[in-house]
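Trainee: Could you walk me through this one? I'd like to see how the labels follow from the numbers.

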Amino acid sequence: MTDLPSESLDDAAQVLHLALAGDSDAVVTTFDAVVDRDGVVGAYNLAWCLAAAMVGVDVPAGAWTLDFPGIDQAKYDARWVARFVSAYANSDMPTGEALFGAALADGQLPDCLLTLAGSAVATLKRRAA
């Protein structure tokens with residue numbers, strides 16, 4: 001992961017805690033608070049931290065490919081999460097930024113971020129089992 005402000009790591013921990021508790025309204029409120037405090041850059045940093053939580057640590061360097069059968073038929077937010085996490089796994093910040101900007105421009109960013117939080121929690125639960 002690139003160097004991110006400690007606030008972003010704290011925000012990600014808070015989002016994961018709230019999502020684990022099933023409080024999607026509080027997750028949305030937290031994202032809104034981050035945007036109010038740090039703007040879109042803060043929301044991007046938070047999303048990058050959530051992708052890091054999904055991918056985990058000690059990921060071998062190299063090119064990772066997206067293996068998501070039927071991705072083109074998936075809903076916008078699911079396609080976005082898969083591609084954003086893939087960008088993280090490949091340390092491809094320009095693609096992550098482009099995806100983030102596209103979701104923002106398309107008015108889909110709130111749904112994408114909520115799906116990212118849910119996907120991160122599901123991944124962490126599966127990893128812990």
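Trainee: Why are α1 and α2 called roughly perpendicular to each other?

Mentor: Their axes cross at roughly 90° and come within 8 Å. Angles of 65 to 115 degrees count as roughly perpendicular, under 35 as roughly parallel, over 145 as roughly antiparallel, and the rest as oblique, so α1 and α2 are roughly perpendicular. The axes are lines fitted to C-alpha atoms, for helices over the stretch in contact, and the angles run from 0 to 180 degrees between N-to-C directions. Helices are DSSP runs of H or I with at least four residues, numbered from the N terminus.

Before we go on: this is a predicted model, where local features need pLDDT of at least 70 and side-chain atom pairs count only at pLDDT 80 or more, while totals for chains, interfaces and linings use all residues. Residues are numbered from 1 along each chain as its sequence is written, and side-chain values use heavy atoms, with hydrogens and water left out.

Trainee: Which residues of α1 and α2 meet?

Mentor: Among them are L9, A12, V15 and L16 in α1, and V27, F31, L46 and L50 in α2. Contact here means heavy atoms within 4.5 Å. By class, there are 14 nonpolar, 4 polar and 4 charged residues. Ala, Val, Leu, Ile, Met, Phe, Trp, Tyr, Cys and Pro count as nonpolar, Asp, Glu, Lys and Arg as charged, and the others, Gly among them, as polar.

Trainee: What makes α1 and α5 roughly perpendicular to each other?

Mentor: Set the angle against the range again: these two pack at about 75°, with their axes 9 Å apart, so they are roughly perpendicular. V15, L16, A19 and L20 in α1 meet A117, A120, V121, L124 and K125 in α5. That contact has 8 nonpolar residues, no polar ones and 1 charged.

Trainee: And why are α2 and α4 called oblique?

Mentor: Helix α2 (residues 24-55) and helix α4 (residues 93-105) pack at about 120°, with their axes 11 Å apart. That angle belongs with the rest, so the pair is oblique. V40, A43, Y44, A47 and W48 in α2 meet M93, G96, E97, F100 and L104 in α4. Here the residues divide into 8 nonpolar, 1 polar and 1 charged.

Trainee: How do you know that V27 is buried?

Mentor: Buried means under 20% relative accessible area, exposed over 50%, and partly exposed in between, using a 1.4 Å probe and protein chains only. V27 has 1%, so it is buried. V27 is in helix α2 and touches V15, L18, A19, L114 and A117, not counting residues up to four places away in sequence.

Trainee: What about Q14: why does Q14 count as partly exposed?

Mentor: Q14, in helix α1, has 36% relative accessibility, so it counts as partly exposed.

Trainee: And what makes S91 exposed?

Mentor: S91 has a relative accessible area of 63%, so S91 is exposed. S91 lies in the loop between α3 and α4, and its phi is near 50°, a positive value in a residue other than glycine. Most residues other than glycine have a negative phi.

Trainee: How many residues does the largest nonpolar core have?

Mentor: The largest nonpolar core has 36 residues, and L50, W80, F84, F100 and L116 have the most contacts inside it. Such a core is a set of buried Ala, Val, Leu, Ile, Met, Phe, Trp, Tyr and Cys residues joined through side-chain atoms within 4.5 Å. The largest share, 15 residues, comes from α2.
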